[in-house]
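Dear colleague,

I am handing over the structure that we talked about, and you will find it just below. Please keep it open while you read the notes that follow.

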Amino acid sequence: MKFRKISLFVLLASACLNVSAQNNVSTQKMDWFEDAKLGIFIHWGIYSVDGISESWSFFNNYINHDNYIKQLNGFTAKDYKPKEWAKLIKEAGAKYTVITTKHHDGISMWNTKADKAITTLQDAAAKQDVITPFVKAIQEEGLHTGLYYSLPDWSHPYYDVFTRNRKRYELKAEPTRWDNYVKYYQKQLTELSEQYKPELLWFDGDWEHNAEEWKAKETLNLLRKYNPNIIINSRLNHHGDYDTPEQGIPVTRPDAKFWELCYTMNDSWGYQPFDKKYKSPNMIIRTLVDCISMGGNLLLDIGPKADGTIPEEQLNILKQLGRWTHKHAAAIYGTRAGIPFVNYGGKSALSKDGKTLYLYVYEQKSELQLKGLVNNTSIKGVSVVGDASAKVSVKSENGTVQVDLTKVNFDQDVTVIALNFAEALRWAVPQETEVTLKSVLDNKLTDRALGQIASTLHAGKNIFDNSGLTVDGLDTKLPSSNATNPTVLKWIKDHAEALYETGKGLPEGHYEGLSALSKDRQTLYLFVEGKPTGPIALKGVKNGVARIRVVGDGSMINHEVFNKLYWSSIPGIIYIQAPAERLDKNMTVIAVLLDAPIQLYREKVGAIENNL
């Protein structure tokens, strides 16, 4: 009995050690992925011939299947240069890439031997296996190998689904036929594993069947047989290692420890010649920063043409992205999520050891403020990443860290300031000192005073209530004195609309700065410091925009909405162009009039399971 007890103890201890080891392996295998921050997605297939939606165009009956498949005759890949692709991806600053080996249309881009497969080698004009030379090229460049694989195959006779309106059969009626499909797709995964030794498998389309029908567990075991450290995305019915929000930049940090935003440069995954709604390089760079600040990765998509060339607009974005990533490498790779917005009113990230804080600056301005840093006295130094000659200084006052930027040459897109600490940075909710109207009016530092106004309004405290301020600034009787800063007083009167009876601003994640809302919650006031390097971005606003203008000036300004999918409840991103000639030299206020009291989207952004 005693022996049995000891044996049981040993077995339990051994089991615990094994579980611990497995957890360590799981974390360790994600190290390169968590450090990478930027990957390049490639959607390439026969859909690039006519420039139509990949697979969905026939699934939704926008074109019939026969006409869709005829694109095989135009898929030439005659100018395909995989080595140049690999070099371009590396120069963009990506650490890994994911290419479509087979989309939902069932066209296999390599020389698969799976039963009844359609391939670019046997059936397309290219007569090429286009995956093999690409994988070889990226591995020669030292990039991590990721392969996209669609679980559904809407062209395969063994698969049950054909189009939105037609099915081939019911699984219960023909279980053997379905088993043959499972064998088909698992054989393809075996080929991909043996031939290319991928480090990451990017599944798609799992929504069409449950995990048991897909035999997801068996598939995962199959992949691990070839690579015990294979990384799987979340689209194998939750048998994966990381989440993949799609198109919509998360407003708040996803729950998953590891995540990756898959994102298009325009509105399309594959090449579509008439889709010219490209985001600017500045927008893409800031999207990357957004992901970095929340501890995630950006998987940025390109869609090559049927001949294998990459559209000029996409080349330009990659080159501009590469300019920024090479200059700011220290503030990208290996970083972890930054500090809360209440501590720094912008985007930030931490080094892996927690001793360096990176502050991402979207505008040209005179200073930065940080609050609630517990060990702010351990600051060893401050620098501008990528600019060794820059002069920047820092000092601590009353629990607030002030970073002087008056002598900084700002980056054309995003400037990065690095604060180095003697020990890992610690922070807490800042203890705010009371701000009174008198202290603001008497503050000789205009920028500091206006920052205090914006900060108090954003927090829901309006120091102008019952102060004598009028809605239009006329006949205003504020308690001024000889100590009053005349510039601050004038700014208050000029911007009275945004200060009079306004309330608490947007919660963290929706806007990069401070804000306030009108009493009826239908006008959003955005406080804009300095000179922005690009458009002002708003995320997660469900409302329509009636008009946008400059407060105190009246100028109407333009905006564009990106990534709004008409069938989805997830809002697009509102980008507002603030004309440089209309910016206030101290602080600009932008008024966004909405079509109703503001409604915000703060739910989780997930995979797209519909594409009408």
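**Salt bridges**

The count comes to 32 salt bridges, where a salt bridge is a side-chain nitrogen of Lys or Arg within 4 Å of a carboxyl oxygen of Asp or Glu. Please bear in mind that this is a predicted model, in which local features need pLDDT of at least 70 and side-chain atom pairs count only at pLDDT 80 or more, while totals for chains, interfaces and linings use all residues. Residues are numbered from 1 along each chain as its sequence is written, and side-chain values use heavy atoms, with hydrogens and water left out.

One of these pairs is Glu34 with Lys257, whose side chains meet at 3.9 Å, N to O. Glu34 sits in helix H2 (residues 31-36) and Lys257 in the loop between strand S7 (231-232) and strand S8 (260-263), so that the pair links parts of the chain 223 residues apart; helices (H or I, at least four residues) and strands (E, at least two) are DSSP runs, numbered from the N terminus. Glu34 is buried, with a relative accessible area of 10%, whereas Lys257, at 48%, counts as partly exposed. Here buried means under 20% relative accessible area, exposed over 50%, and partly exposed in between, with a 1.4 Å probe and protein chains only.

A second pair is Lys347 with Asp290, at 2.9 Å from N to O.

The salt bridge between Lys490 and Asp494, with the closest N and O atoms 2.7 Å apart, lies within helix H15 (residues 486-494), where the two residues are four apart, about one turn of the helix. An α-helix has 3.6 residues a turn, so residues three or four places apart point the same way. Lys490, at 52% relative accessibility, counts as exposed, while Asp494, at 36%, counts as partly exposed. Salt bridges that share partners also join Glu34, Asp35, Lys257, Arg336 and Lys352 into one network.

**Domains 2 and 3**

The domain assignment gives domain 1 (44-331), domain 2 (341-421) and domain 3 (437-594), with bounds that come from an automatic or database domain assignment. The contact between domains 2 and 3 takes 17 residues from domain 2 and 14 residues from domain 3, contact meaning heavy atoms within 4.5 Å. Together they bury about 1,200 Å², 44% of it on carbon and sulfur atoms; buried area is the accessible area (1.4 Å probe) that two parts lose on being put together, summed over both. In domain 2, Phe341, Tyr362 and Gln364 lose the most area to domain 3, together 43% of what that side buries. There are three salt bridges between the two domains.

**Helix H12**

How far apart are the end C-alpha atoms of helix H12 (residues 312-327)? They are 23 Å apart, which agrees with the 22 Å that its 16 residues should span at 1.5 Å a residue, the expected span being 1.5 Å times one less than the number of residues. Among the buried residues of H12 are Leu315, Leu318 and Trp324, and what covers the buried residues of this helix includes helix H6 (82-91), helix H11 (281-293) and strand S18 (415-421).

With best wishes
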